[in-house]
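Subject: Structure handover

Hello,

Below is the structure I said I would pass on. My notes on what was found in it follow.

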Amino acid sequence: MFDTALQIERRWGLNLWDDECPWNTSVTFTLGEPGAARKDVEWKGRTQRPFQSIDQRLKFSRWLDIFQRLGGCLIVQRVALADLDEISKWHELTIVASGKGEIGQCFTRDRQRSMFDRPQRTLACLYVTGMLPAESFPGVRVNVIPEVGEYITMPGLTLGGRCEMMLFEGIPGRAFDALSDVAGVDEQLNVSQELLARYVPWEAERSASIKLADRQATLKGCYTPSVKHPTARMPGGKFVLGLADAVVLNDPIAGQGANTAAKCAGVYFDRIIERHQEPFDESWMQGTFECCWRQHAQASTEWSNLLLLSSLTHVVELLRSAARLPNLADTVANGFDDANAFFPWIADPLQTRGVIDSFK
Ligand SMILES: Cc1cc2nc3c(=O)[nH]c(=O)nc-3n(C[C@H](O)[C@H](O)[C@H](O)COP(=O)(O)OP(=O)(O)OC[C@H]3O[C@@H](n4cnc5c(N)ncnc54)[C@H](O)[C@@H]3O)c2cc1C
């Protein structure tokens, strides 16, 4: 997570891993030569403030303990629609933060804000130890392999300590799909190393001796990025409000989801406090979501979608130009923290060229 989102966690004293978690300060972008397993373009941008990545298994379990210690009532249960209906009847406000969970289907798709009707990448993630450090300014390394997909790494903190987080983003039907068919975690590790050797050899060298951080430190699957209408009417008549992935689900290519989730939680919190004794009715819910959308989620969504459409020439030109223009590289790196920095100009090829020229 980047600094703006980390500030929200700090505001509530939830930054419990600052001493243990590696601090990252750079974004390294490498574009491979099509079909050649060689680097074509590479640059490194420095972020103004450090960022970090913490295994959510570690983070959320600790936060749930704190929630209970502060008097919160934690019930561990798979919530079905009938349960949600009951919950909404007995509470002034019900927020659904179910991520990609099925219950989120109670929110209907917003066609205007959803660009895709199918998954754009097959995802495979591993947390490993034993990877050789890449450089003096550690950070996220984004490798784009034309016609294949992206391979992203970042130092982070997992259950047993420091690790390196590896994410393969495969264009469906292309080589990284091999990771979808692996039978178990050992095979996932082996196939990952084979794919690196073949498509990202400069990263394979660092990964010759990697081991899984633990037997559950892998993930694979795919989903369709989509934006939903933020409220759902329960059978009993009450409305519930969606938060984060339940209503704004982006591909992780730009590392926006957890950042947007924290930022939107911050907005929801402020709106709840401001409401005083007024009811949390549907129009308040819509207004609350629109605040999040305008302030944070729209830019994150559109930036993620632009990166998925890797064929957009002006975006490719921007990323290539950053190799020659260090200040532009820093600007792009910092844009991952707040994607609003890219808008409105990145949506327009002419304006994007103007921005590139302004760095010359
Ligand atoms: C491979 C991958 C890599 C990612 N990398 C990054 C990154 O680098 N940076 C970044 O910012 N974001 C990243 N993300 C996105 C980020 O993980 C999510 O955006 C973020 O976790 C969303 O938070 P959330 O609370 O909405 O949902 P989640 O974190 O998914 O939490 C939802 C919770 O609800 C529970 N749940 C679901 N349904 C039910 C039910 N019916 N009853 C009870 N509980 C239920 C789930 O079990 C889960 O615990 C990545 C995502 C993936 C898949």
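**Overall form**

A compact globule of 360 residues would have a radius of gyration near 21 Å, and the protein chain agrees, because its own value is 21 Å. The radius is taken over C-alpha atoms, and the globule rule is 2.2 Å times the number of residues to the power 0.38. This is a predicted model: local features need pLDDT of at least 70 and side-chain atom pairs count only at pLDDT 80 or more, while totals for chains, interfaces and linings use all residues. Residues are numbered from 1 along each chain as its sequence is written, and side-chain values use heavy atoms, with hydrogens and water left out.

Along its principal axes the C-alpha trace spans about 60 × 50 × 40 Å. The protein chain has ten helices and 13 strands (DSSP runs numbered from the N terminus: H or I of at least four residues for helices, E of at least two for strands). Of the 360 residues, 49% are buried (buried is under 20% relative accessible area, exposed over 50%, partly exposed in between, with a 1.4 Å probe and protein chains only). Of the contacts between residues at least 6 apart in sequence, 72% join residues at least 24 apart (a contact means heavy atoms within 4.5 Å).

**Strand β1 and its partners**

Strand β1 covers residues 24-32, and nine of its nine residues are buried, so the strand is largely enclosed by the rest of the structure. β1 pairs with β2 (residues 39-51) in the antiparallel sense over eight bridges (two strands pair if DSSP finds at least two bridges between them). Within this pairing, Phe29 stands opposite Trp43 of β2. The two strands form a hairpin with six residues between them, and Gly35 in the turn has a positive phi of about 70°.

β1 also pairs with β5 (residues 139-145), here in the parallel sense and over six bridges. Val27 has Val140 of β5 as its bridge partner.

**A three-strand sheet**

An open sheet with mixed pairing has the strand order β3-β12-β11. Its edge strands, β3 (95-96) and β11 (231-233), each pair on one side only. β11 and β12 (residues 239-242) are antiparallel and share three bridges, with Ala232 bridged to Val240 in β12.

**Leu123**

Leu123 belongs to strand β4 (residues 122-129). Its relative accessible area is 14%, which means that Leu123 is buried. Lys89 is 34 residues from Leu123 along the chain, and their C-alpha atoms are separated by 38 Å.

**Backbone points to look at**

Most residues other than glycine have a negative phi, and most peptide bonds are trans.

- Glu147 is not a glycine, yet has a positive phi of about 70°. Glu147 sits in the loop between β5 and β6 (149-158) and counts as exposed because its relative accessibility is 54%.
- Ala244 has a positive phi near 60° and lies in the loop between β12 and β13 (248-249).
- The peptide bond from Phe343 to Pro344 is cis, with omega near 5°. Pro344 is in the loop between α9 (326-335) and α10 (349-358).

Regards
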